[in-house]
Amino acid sequence: RSKKNLFNRFLSFVPILTLLFLGSIQQDIAAQGSTISAETTTTMAETCEDKKKEYHQDGEDAKQIAKYLPYFPFKGIPRFYDIGGFLAEPEIFQKIIDIFASRYGEIGIDSVAGLDARGFILGPPIALALKKPFIMMRKKGKMPNSIDSEEYNTEYGKRSGMTVQRDKIKKGDRVLVIDDLVATGGTLSSAISLVHALGGTVVECACVVELKMFIDPPEESGLPSRTKLFKAQKMEHVPVWGLISEDILDVEAKLPEGYVDDGEEH
């Protein structure tokens, strides 16, 4: 009987021991879960940081790309940056498209609008990578069913305005505007006005090259100010992003003997 009582008492402790054992296992699992969660969070943070590096103007990727953007004396401009340099290098061209697609896939857009003419080279592959529509913004008289912007000024002189087809942008659309280079902002301002006229929103104006010297130059420089232009046209809220600035564009093109600046405007 004594042995039977001891056995019964032992059985009475079994549920308690089981609960304690299970509790210990749960604590171990929770601790391991916290470790995994912390590691996952760290990995995600590192990934986000890596993406941010791609977006940084004049960052490491930009410096690599800048090697393929030589400048020429052209159209009366001492430094005319030629995108033909990176277009001839598929890996570099692809890197640019990947950076832009990564940036705007994260930000979120409804369509990509490219400016005549070099925006037609950059815009379509970015639009395809994002699986978004591509919209042409052309010079006047080139497309049917279009609306026009007002005349605008560029570093080359006055322009008659841009056009876009009126059925390509709907009210509330988030539009990314693409061009190869932004200087005075005249062409971009024309594109922005077209998007606004059709009820869309310009998420950002993106260019491979941004000439910072035109953002807000001192009065005595005599240079046109992009900041003042955008403010005068009530579009100062529209952000402009460039991957590369003139600070790292130092590759001078090797000119052949007898080189002539044969640009159409001087």
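This is a predicted model: local features need pLDDT of at least 70, side-chain atom pairs count only at pLDDT 80 or more; totals for chains, interfaces and linings use all residues.
Ala 117 counts as partly exposed, with a relative accessibility of 43%. Ala 117 sits in the loop that runs between strand 3 (111–115) and helix 5 (119–130).

The mean pLDDT of the chain is 85, and 76% of the residues reach 70 or more. Two stretches call for caution. Over residues 34–53 the pLDDT is below 50, and the model gives this stretch one contact beyond near neighbours in sequence. Residues 16–22 also stay under 50 in pLDDT. For residues 16–22, the model has zero contacts beyond four places in sequence.

As for the overall make-up, the chain has seven helices and 11 strands. Of its 266 residues, 38% are buried. The chain exposes about 15,600 Å², and 55% of that area is supplied by carbon and sulfur atoms. Contacts can also be sorted by how far apart the partners are in sequence. Taking those between residues at least 6 apart, 69% join residues at least 24 apart.

Back to the charged side chains: the count comes to 10 salt bridges. One of them pairs Arg 103 with Glu 204, with the closest N and O atoms 2.9 Å apart. Arg 103 belongs to helix 4 (residues 90–107) and Glu 204 to strand 10 (residues 201–210), so this pair ties together parts of the chain that are 101 residues apart in sequence. Both ends of the bridge are tucked away by the 20% cut-off for buried residues. Arg 103 has a relative accessibility of 12% and counts as buried, and Glu 204, at 7%, is buried as well.

Lys 228 forms a salt bridge with Glu 219, and here the closest N and O atoms are 2.1 Å apart. Lys 228 is partly exposed, with a relative accessible area of 43%, whereas Glu 219 is exposed at 60%. The bridge between Asp 167 and Lys 168 has its closest N and O atoms 3.1 Å apart. Asp 167 is partly exposed, at 45% relative accessible area, and Lys 168 likewise counts as partly exposed, at 36%.

Among the helices, helix 6 (residues 186–197) is worth a look. Helix 6 has 12 residues and reaches 17 Å from its first C-alpha to its last, close to the 16 Å expected at 1.5 Å a residue. Its buried residues include Leu 188, Ile 192, Leu 194 and Val 195. Gly 186, Ser 189, Ser 190 and Ala 191 in helix 6 are buried too. After helix 6 comes Gly 199, whose phi is positive, near 90°.

Terms used:
Residues are numbered from 1 along each chain as its sequence is written. Side-chain values use heavy atoms; hydrogens and water are left out. pLDDT is the predictor's confidence in each residue, from 0 to 100. Contact means heavy atoms within 4.5 Å. A salt bridge is a side-chain nitrogen of Lys or Arg within 4 Å of a carboxyl oxygen of Asp or Glu. Helices (H or I, at least four residues) and strands (E, at least two) are DSSP runs, numbered from the N terminus. Buried means under 20% relative accessible area, exposed over 50%, partly exposed in between (1.4 Å probe, protein chains only). The expected span of a helix is 1.5 Å times one less than its number of residues. Accessible areas come from the Shrake-Rupley method with a 1.4 Å probe; for residues, only the protein chains shown count as cover.
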